[in-house]
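Here are a few friendly notes to read alongside the model. Have it open as you go through them.

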Amino acid sequence: MEERVHKLWHFYGGLHLEPHKAPSTRTSLRAPPLAHQLVVPVHQHVGEPAEVLVRPGEYVHKGQRIARANSYLNAPIHAPSSGAVVEVGERPIPHPSGLQGLCIIIETDGRDAWGGRRLAPITDYRSRDQAELRMRVRECGVVGLGGAAFPTSVKLNIRSRQRINTLVINGAECEPYISCDDMLMRERAEAILQGARIIQHTLRGPECVVVIEDDMPHALEAMREALGGEQAGGLRIVSVPAIYPTGGERQLIKVLTGKEVPTDGLPADIGVLCHNVGTAYAVQRAVVHGEPLLSRIVTVTGQGVREPCNLEVPLGTPVSEVIAACGGYTDRVRRLIMGGPMMGVAMDSDEVPVIKATNCLLVAGPDEVAEPHLAMPCIRCGECVRVCPAQLLPQELYWQARAKDLDKAQDHHLFDCIECGCCAYACPSHIPLVHYYRYAKTEIWACERERQAADVAKARHAFHLERLEREKRERAERLARKKAALRDKADTEQGPNKAPIHAALERVKARKAASQAKAPEATAKPHPSRRRTVARGRGGEAK
Ligand code: SF4
Ligand code: SF4
């Protein structure tokens, strides 16, 4: 039976945080000047990296596929603008590890030329097959733009036994400073709603709820205006209290339905699917306009940047150029963070490019980031437990991560931790708790990879032994068959003459035996010369 969202629920824990969104929402969306060089990583999504399709020296058009998805959990990459590929090589990428990643470097020609690369628009999406729409979303490289960068086509591919009753379009942008979804809803509400309808059609028509936090009144107003009210045509706009982290998938589902997503399960297991408003917009561009994902809205904010705002940035644009487009740095820069202050990742360099997951560049000043405190011992105050929205025991996870007791950490549902940072924020001992959880998760993944590699090696060795054994057996069987064939052949050749030959052989054998039987008497007589010799030798005695 179809489930309707009527009332709101509360999730456990969470924090009331200052939004700090006003500075970046004062001006309209705009695009920065096109960068001279675009650095496009081939791994911008959850899953395997895409496979490079271009070589240095090649000219690429805007929207041209430059790396293909060669596995299911993957997304292709497209040229964000036209120009020449000057290099395919390792470059710094935005990742907590600070490691480099494979990138395609395009020197732009300023023409932004599509060269006929745009796919055919699908305006009559309601009459199209779900699989066709999913394929279009995949072809266009659309991934979750809320920060997770999970391939959208995979998320839309619901298993036959699952039934989605509620589609949630997530506009609950709960982390402080980040306002890209807010601005997108203010300025492109109709396109977002059309994207939501396309997703709704792809999922065979569940109820669709667009969720917006109550501290985003302009976005709420724009979306209601575009919809023509609170609800229409199977879509409904719901305003939820601004509590961090309401925008977390599991927390939002709890607020809307009162249901908990099972620990090892997915929202689809309880009939719910969440997509970010930015993703709905990207789906609309892909289906209705035939445009791959080439750019995204990025909030550039913080005391360290002169003109905080939201920009529509081509993917691959170096962060330094994005900051330059916002008037450059102030003299109050303390830290460059990709993402927000709670879940973001500090960057060592502004030479890293904007990727599909980049929702915010926070150039934090001294008042916006806590000075590094010396971590004190855990006093078991329980504050972290009180705020944890995943209802975990953060202090236990901390001890287990510290002691590298990874099995126990998993038993305590480490992987349910959404790394929201509430526990670290509340901890009076200033323990960087999330760092410990990230470390433990990385260790577990590394062990898992090693275990899988060992399993593969073991399986290959067993297969090798089995093959040797089989070959030996087959050789022996072949030899036996050959011998038997030779024997048969000999029998066949001898055929009817076999009996006389056998009789002749028997006669020869009998003659031989008879002559051997006579031979001892003949040889028993000593030779005359020998008899003489013996007589001479014994001469004295004989006399
Ligand atoms: S909040 Fe900090 S000090 Fe208190 S129990 Fe949790 S980890 Fe320990
Ligand atoms: S970071 Fe993890 S453990 Fe800490 S409050 Fe958030 S979900 Fe809980």
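1. Which element gives the largest share of the lining of the second largest pocket? That share, 4 residues, comes from α7. Helices (H or I, at least four residues) and strands (E, at least two) are DSSP runs, numbered from the N terminus.

2. Please keep in mind that this is a predicted model, where local features need pLDDT of at least 70, side-chain atom pairs count only at pLDDT 80 or more, and totals for chains, interfaces and linings use all residues. Residues are numbered from 1 along each chain as its sequence is written, and side-chain values use heavy atoms, without hydrogens and water.

3. The pocket is lined by 29 residues, with Glu291, Leu294, Ser295, Arg296 and Glu312 nearest its centre. Two or more lining residues come from each of α3 (180-187), α7 (277-288), β13 (295-301) and β14 (309-314). A pocket here is an open set of points on a 1 Å grid over the protein atoms alone, where a 1.4 Å probe fits, with protein on both sides within 12 Å along at least five of seven lines; lining residues have an atom within 4 Å of a point.

4. Now to the sheet: it is open, with 5 strands in the order β10-β11-β9-β8-β12 and mixed pairing. Strands pair if DSSP finds at least two bridges between them. β10 (231-232) and β12 (272-276) stand at the edges with a single partner strand each, so one side of each has no neighbour in the sheet.

5. β10 and β11 (residues 235-240) run antiparallel, joined by 2 bridges. Glutamine 231 has arginine 236 in β11 as its bridge partner.

Terms used: Chains lettered and ligands numbered in written order.
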